[in-house]
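Here is a short tour of one protein model. Have a look at the structure first, then read on.

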Amino acid sequence: MMRTRRAFEQRDPMFLRAQLLWIILVTAVVTAGATAYSFSRPAEYTANADVLVLPRLFTVSSAPQQPDMSTERTVATSGAVLSGAADSLGVPPEALAQGRSVTVPPNTHVLRFGYTSRSPAEAQQSAQALAAAYVNYQAAIEAPAQRGTPAMSAEIITGAALPTSPSDPNHLTDVGIALLVGLVLGVGTAFVRDRLDDRLRSVTDVEQRAGVPVIGELPAVRYGSDDPHARLVTLNAPDSDAARAYRDMRATTVHALRAGSARARPPSGRILLVTSPAQAGQAVVAANLAVSLAQSGLSVTLVAADPAGLQPGAMFGLPDENPGLADVIREGATLVAALQTGPVDGLTVITGGSIGGPDDLLLSDGAVGEVLGTVSAGADLVIVVAPAVLAGPVTGVLAEFANLALLVVDAGRTTRRDLAAASARLQPLRPRLIGCVLDNVGRPREAPAVAEPTATSARGAGGPARTTEESGVAAVRREGIR
């Protein structure tokens, strides 16, 4: 059981790994799209020319005044400078304005004239023309020297060179940004998926939403065939983890019987209802638990009352022609004819018979109670396989005749919402709900080899077979249930 508990408790890391795959997928898609877009763009080249703006001297004796580079940048981007450069190149000013840029490197008196074009030569010529136009503009506005006071001037200190590699697109930068954006989108969407995911995460999660402890954890098994008998691990593989889990559940069930025997009113003190929030294999759990309890010496009667689920009679290999529960309550068949001997001493089974649907049980709830009361009078425990709680009102009808209930939760399929809804619907049963059983926990493993369901092999070699009544008496004396 500890191994299956660890497997279910590790569901959160497994879930995070699943989300990690989603994050990788989103990041890869975004990066691939951005990369494709980056390589689909035409290459552009940028050339730069640097102009040094010289300080102005107002008087020969005064200190030079440093230029205001914000003002000079405004002049450099003015229409007058743009027109001068366009005239020198023989192009319209509007066309030249599209690729130009003027920047001021930090802590300098330098204007950097840049031009971007798909042609390297055009980029070089345009950047050089813009820089020369600015210098010419400064020279043109210089007033004749008065009293030896020179005007402010500028000069080109670095001419525009012919670019040899594209400045855009920068594939490395594009891919890096795409990786970052993809990662953010992946984490964000993974968080949304996590919030919207309604699966149960851990044993603590189950216990908090059900309001009762988890008393058993059954590992997920991959069955190689559709043979219902393969599900009886308590017979086929008594040393398996699942069989050990059923023995632990058996101890909890016996303890619950002892605790409730002092205040129980027959027949309710000896009837255990096995159900689930939605269809979650309660028939398999009930059948294996019944076998395990019978193996311990208790007399157990298993009653099939779920027409939609797997039938216990099929798991035990019982003949179909015998009457079942529906035949007793609707057709007048006798209990003696409906009770069939199971593969273990002390175990009897009442199959579902010809139950056509839930209405058969709803319309004859009084007869159902009478049958269960009669059966419980001759057994230490009656286990009733009930339909799913959320499937309809049948489980509520059956619950009126039981004082113990067991909720089977599928670790892979049962949702938090279903578990909470089933728990709320079972509120009247809350004092009698002994716990939850987690089914399909962890990674599926191969099913054990199936043994043929024969009476002698199932009963073992521990002496002659006992009758159901003798087993029940022995259990009463040993366990002190009644």
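Strand β1 (residues 45-53) pairs with β4 in the antiparallel sense, over 4 bridges. Strands here are DSSP runs of type E with at least two residues, helices are H or I runs of at least four, and both are numbered from the N terminus; two strands pair if DSSP finds at least two bridges between them. Look for Leu 52: it stands opposite Glu 155 in β4.

Before we go on, this is a predicted model, where local features need pLDDT of at least 70, side-chain atom pairs count only at pLDDT 80 or more, and totals for chains, interfaces and linings use all residues. Residues are numbered from 1 along each chain as its sequence is written, and side-chain values use heavy atoms, with hydrogens and water left out.

Back to the sheet: 4 strands make up an open, antiparallel sheet in the order β2-β3-β1-β4. β2 (100-103) and β4 (154-158) sit at the edges, each pairing on one side only. On average, neighbouring strands are turned by 30° against each other, direction ignored. Helix α3 (residues 69-76) lies across β1, β2 and β3 (110-117), and runs at about 35° to β3. Such angles run from 0 to 180 degrees between N-to-C directions, using axes fitted to C-alpha atoms, for helices over the stretch in contact (heavy atoms within 4.5 Å).

## A strand tucked inside

Why is strand β7 (residues 300-304) described as largely enclosed by the rest of the structure? Because 5 of its 5 residues are buried, where buried means under 20% relative accessible area, exposed over 50% and partly exposed in between (1.4 Å probe, protein chains only). Val 300, Leu 302 and Ala 304 point one way from β7, while Thr 301 and Val 303 point the other way.

## The nonpolar cores

A nonpolar core is a set of buried Ala, Val, Leu, Ile, Met, Phe, Trp, Tyr and Cys residues joined through side-chain atoms within 4.5 Å. The largest one has 40 residues, and those touching the most other members include Met 249, Leu 302 and Leu 406. Helix α11 (residues 282-295) gives the most to this core, with 10 residues. Apart from it lies another core, of 39 residues, among them Val 328 and Leu 433.
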